[in-house]
Amino acid sequence: MKESETSLINSFLDSLQHLSPHTRKGYQRDLKFFLEYCKDQRIKKWQAMDGHRVRGFVAWRHRQGAGGKSLQRNLSAIRVFYRYLIEQGAARQNPAQGILAPKTPRKLPRVLDADQATQLMLIDDQSPLAVRDRAMLELMYSSGLRLSELIQLDMNNLDLKDAVVTVLGKGKKTRTVPVGRHAIAALRKWFGIRQDLVRSEEAAVFVTQRGKRISPRAFQLRLKHWAIKQGIPGNVHPHMLRHSFASHLLESSGDLRAVQELLGHADISTTQIYTHLDFQHLARVYDAAHPRAHRKKA
């Protein structure tokens, strides 16, 4: 690759000053791989690149161990770079247009089983923080809330009489979801303590000992603390409670549309991942119960 050709990468990166340093660094990294491939293939001009060679680049990166997401990002950088080259008159077509990266297998989220979820909630500690923590955990699992939705809750978002909570989700969309009886009992107990910690103007449902809204990081640490103390194995994180809510609800009801509404997913394909979790449960039941599920050992 000639020096005049490689300098076009630098001028392209200089044109991205309106983007964040993190994004510019990503483009730089992706195009570095592309430049290495061009040198390896002895491609001397950007103009000489075509769709066949871009597919060769994808295969080359795949052999290096790049996964689907990395390859998608690489191709995106090449497309944007070639749009710049076309604007500058250094290329006539975008060879990466229409080239797709292999799909990344979707990892199934880890969930707690029903017994583990119950064990996590059985916090036998009457200190103010423990009462608050149990109320947070019960509500998150009861209603399938995201961490941000839980933290942002204000007192007027909860209606314990009607057993519902209204949350502000992604895209600033609100949804109202039911609250279970265990969560309601835990919240009532917490409210009896909360009033002694906050000033009248504090709207947050969950507050620290100083009466201020609890932070996401503080919740993560408290969840980790209780998971260890309650003997729950593995790395238990906030979203695991939401995953567990969805999986257990789908397992019992089989109503995918209802779970979609309760989770606040705009697209049902996002919710469908839980059908795979449900099938795993069914497969375990089948293996354990069906008389011909296992072949006899020779």
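Helices α5 and α6 are roughly antiparallel to each other, because the angle between them is about 155° and angles over 145 degrees count as roughly antiparallel. This comes from a predicted model. The protein has 13 helices and three strands. Of its 298 residues, 41% are buried. Among contacts between residues at least 6 apart in sequence, 59% join residues at least 24 apart.

**Helices α5 and α6**

- Two packed helices are described by the angle between their axes and the distance between the axes.
- Helix α5 covers residues 114–121 and helix α6 covers residues 128–143, and their axes are 9 Å apart.
- On the α5 side the contact is made by A117, L120 and M121, and on the α6 side by R134, L137, E138 and Y141.
- Sorted by class, this contact of α5 with α6 has five nonpolar residues, two charged residues and no polar ones.

**L120, a residue of α5**

- L120 is found in helix α5, and its relative accessible area is 0%, so L120 is buried.
- Leaving aside neighbours within four places in sequence, L120 is in contact with L112, L137, L223, W226, A227, Q230, I232 and L241.
- L120 and L223 are 103 residues apart along the chain, while their C-alpha atoms are separated by 9.1 Å.

**Helices α2 and α3**

- Helix α2 (residues 21–40) and helix α3 (residues 51–63) have axes that come within 10 Å and cross at roughly 110°.
- The two helices α2 and α3 are therefore roughly perpendicular to each other, since that term takes in angles from 65 to 115 degrees.
- From α2, the residues F33, F34, E36, Y37 and D40 meet R53, G56, F57, W60 and R61 of α3.
- By class, the contact of α2 with α3 has five nonpolar, one polar and four charged residues.
- R42 lies in the loop between α2 and α3.
- The phi of R42 is near 60°, which is a positive value in a residue other than glycine.
- R42 has a relative accessible area of 74%, so R42 is exposed.

**I9 in helix α1**

- I9 has its place in helix α1, which runs over residues 3–14.
- The relative accessible area of I9 is 8%, so I9 is buried.
- Not counting residues up to four places away in sequence, I9 touches L31, L35, W46 and F81.
- The C-alpha atoms of I9 and Q28 are separated by 8.2 Å, with the two residues 19 apart along the chain.

**The two sides of helix α11**

- An α-helix has 3.6 residues a turn, so residues three or four places apart point the same way.
- Helix α11 spans residues 256–263, and its buried residues are L256, V259, Q260, L262 and L263.
- After α11 comes G264, which has a positive phi near 80°.

**The three-stranded sheet**

- Strands of a sheet pair through backbone hydrogen bonds, either parallel or antiparallel.
- Here the three strands form an open sheet in the order β1-β2-β3, with antiparallel pairing.
- The edge strands, each pairing on one side only, are β1 (158–159) and β3 (174–178).
- Strand β2 (residues 164–168) pairs with β3 over five bridges in the antiparallel sense.
- Two bridge partners in β3 can be named: T174 is the partner of L168, and V177 is the partner of V165.
- Five residues lie between β2 and β3, which form a hairpin, and G171 in the turn has a positive phi of about 70°.
- In a regular strand the side chains alternate between the two faces of the sheet.
- A163 is found in the loop between β1 and β2.
- The phi of A163 is near 60°, a positive value in a residue other than glycine.
- With a relative accessibility of 22%, A163 counts as partly exposed, because buried means under 20% and exposed means over 50%.

Technical notes:
Residues numbered from 1 in each chain as written. Heavy atoms only, no water. Axes fitted to C-alpha atoms, helices over the stretch in contact; angles between N-to-C directions. Helix = DSSP H or I, 4+ residues; strand = E, 2+ residues; numbered from the N terminus. Parallel < 35°, antiparallel > 145°, perpendicular 65-115°, else oblique. Contact = heavy atoms within 4.5 Å. Nonpolar A, V, L, I, M, F, W, Y, C, P; charged D, E, K, R; others polar. Buried < 20%, exposed > 50% of the residue type's maximum accessible area, 1.4 Å probe, protein only. Pairing = 2+ DSSP bridges.
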